[in-house]
Amino acid sequence: MASENSSVALPPSGGKGFLHLAETLVEDRALLKWFGITRVGDVTDLDVIGVPVWFAVRPNSRGLSVSQGKGLTSRQAKLSAVMEAIEGAVAEDTQRHVCAHGSLLAMQQQSKQLVPLENLSRVNPGEIDPRRERAWVEGYSVRTASPALAPYELVGMDFRADFPWDRHVFQMSSQGLAAGFDHDRATLHALLELIEHDACFAIGAFETRQLDMRSISFSNGISEPFDRLWSQVTEAGFVPRFFNMSSSNGIPVILAALPREITAKGGPGLRIAAGAACRLDIYEAATAALLEAVQSRLTDISGARDDLSVSRYDLDHTAGSWKDAPTITVTGPSSVAQINAGRDEPLWRQVAEHLFTAGVDDIYVFSLDSGVPGISVVRVLAGGLAAAGPGWNQFSATALDSFLKR
């Protein structure tokens with residue numbers, strides 16, 4: 001699933017400055033060393049599909065030491081892996097981001113505006129000790145454009161066990177964290193990732209892919225990148241399945257699955273590699289989701305991630321019903337009508353305004369200093385979007401509305 005992978009805002013093809021920085025970044029050993037990256041490698045040929053997947057290694061990471069990236073080309077995959085490693089390296093740098101220390105009560109007594117902890121995912125509000133000393137990071141509210149402080153645990157990625165992070169109240173995660181060569185694009189990708197996880201919340205909450213399965217297929221001749229990726233995957237002998245996970249906010253979220261039938265000791269079953277993605281266009285979402293599924297499959301094959309467990313390799317004996325699910329075919333391009341790339345306002349702000357009309361209370365943006373000009377790392381929190389996967393969560397309004405209608 002895409003919860004294993006952080007969002008990376010790749011440089012636009014038309015931006016020469018961005019492209020120069022991208023080419024410099026992946027080849028400049030001194031620059032990679034700045035972020036603790038010691039090795040970048042290609043694992044594409046460990047699989048038969050041939051879609052490029054690369055990895056980047058940070059041995060002294062305070063979280064995962066192996067990051068992965070994928071793309072339609074080797075250059076994109078290599079850059080994706082490096083940027084994912086960079087976002088982790090930046091987010092784990094506590095001294096660079098912490099701006100204040102003090103208890104919740106102390107911050108309130110100083111009239112500091114804080115993010116609403118009772119309304120955010122990855123928070124267990126019933127266990128909050130208002131007198132416990134905490135580290136705070138400053139961002140801002142999109143609704144009010146005013147500063148807002150959040151506990152480091154919700155913004156950073158320092159998983160060191162001997163540090164005094166409040167693990168009873170907060171769950172650290174990469175959800176809503178993105179890196180890129182442009183602040184607005186990185187913010188957009190971080191926000192889209194939160195929307196993706198909110199849409200997939202039911203799958204994580206109930207630990208099954210049987211919920212909310214709306215099978216969908218895509219026509220050829222509409223999206224050249226999708227057609228090219230589809231052909232490469234199917235020519236390798238796989239039949240991808242797609243499911244529309246979009247919630248009531250209408251922003252496209254697609255789950256892609258690569259099932260493979262296997263007979264094991266427990267009987268016949270499926271080995272499934274899956275990935276999800278959120279984009280403003282449904283074909284772009286399908287392409288990104290299928291790339292995630294390919295990367296997920298290579299993650300299992302390589303076994304290189306730090307957090308893999310034995311249960312990840314279990315067979316799914318229930319997913320056979322996918323074959324019988326009714327399928328809706330998308331016959332033309334589809335995007336969110338209210339969001340227009342031609343407007344002066346950045347796309348992420350348009351997405352934020354769209355979410356406000358769909359019941360999201362507020363969105364908080366934290367720009368994390370990377371120490372390198374031209375590289376932006378952004379954390380986004382949203383009051384009213386659920387987080388996928390294990391942890392302290394609650395149904396968001398959009399996730400609950402979509403769940404009850406299906």
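Trainee: What covers the buried residues of H11 in this predicted model?

Mentor: The cover includes strand E6 (134-141), helix H7 (183-199) and strand E14 (362-368). Cover here rests on contact, meaning heavy atoms within 4.5 Å.

Trainee: Which residues of H11 are called buried?

Mentor: Trp-348, Gln-350, Val-351, Ala-352, His-354, Leu-355 and Phe-356, in a helix that spans residues 347-357. Buried means under 20% relative accessible area, so each of these falls under that cut-off.

Trainee: Why is H7 called roughly parallel to H11?

Mentor: Take the angle. H7 and H11 pack at about 30°. Angles under 35 degrees count as roughly parallel, so H7 is roughly parallel to H11. The axes of the two helices are 8 Å apart.

Trainee: What makes the contact between H7 and H11?

Mentor: H7 brings Asp-184, Thr-187, Leu-188, Leu-191 and Ile-195. H11 brings Leu-347, Trp-348, Val-351, Ala-352 and Leu-355.

Trainee: What follows H11?

Mentor: Gly-359, with a positive phi near 110°.

Trainee: Which residues does Ile-86 contact, leaving aside neighbours within four places in sequence?

Mentor: Leu-25, Phe-35, Ile-37 and Ile-375.

Trainee: How much of the chain is buried?

Mentor: Buried residues make up 55% of the 406 residues. The accessible surface comes to about 17,500 Å², and 51% of that belongs to carbon and sulfur atoms.

Trainee: How many helices and strands are there?

Mentor: Twelve helices and 15 strands. Among contacts between residues at least 6 apart in sequence, 68% join residues at least 24 apart.

Trainee: How do you know what confidence the predictor has in the chain?

Mentor: Read the pLDDT. The scale runs from 0 to 100. The chain has a mean of 86, and 83% of its residues reach 70 or more.

Trainee: Where is the pLDDT below 50?

Mentor: Residues 1-5 are one such stretch, with 26 contacts in the model beyond near neighbours in sequence. Over residues 205-209 the pLDDT also stays under 50. There the model has eleven contacts beyond four places in sequence.

Key: Residues numbered from 1 in each chain as written. Predicted model: local features only at pLDDT ≥ 70, side-chain atom pairs only at ≥ 80, totals over all residues. Heavy atoms only, no water. Buried < 20%, exposed > 50% of the residue type's maximum accessible area, 1.4 Å probe, protein only. Helix = DSSP H or I, 4+ residues; strand = E, 2+ residues; numbered from the N terminus. Areas by Shrake-Rupley, 256 points an atom, 1.4 Å probe, with all protein chains shown as cover. Axes fitted to C-alpha atoms, helices over the stretch in contact; angles between N-to-C directions. Parallel < 35°, antiparallel > 145°, perpendicular 65-115°, else oblique.
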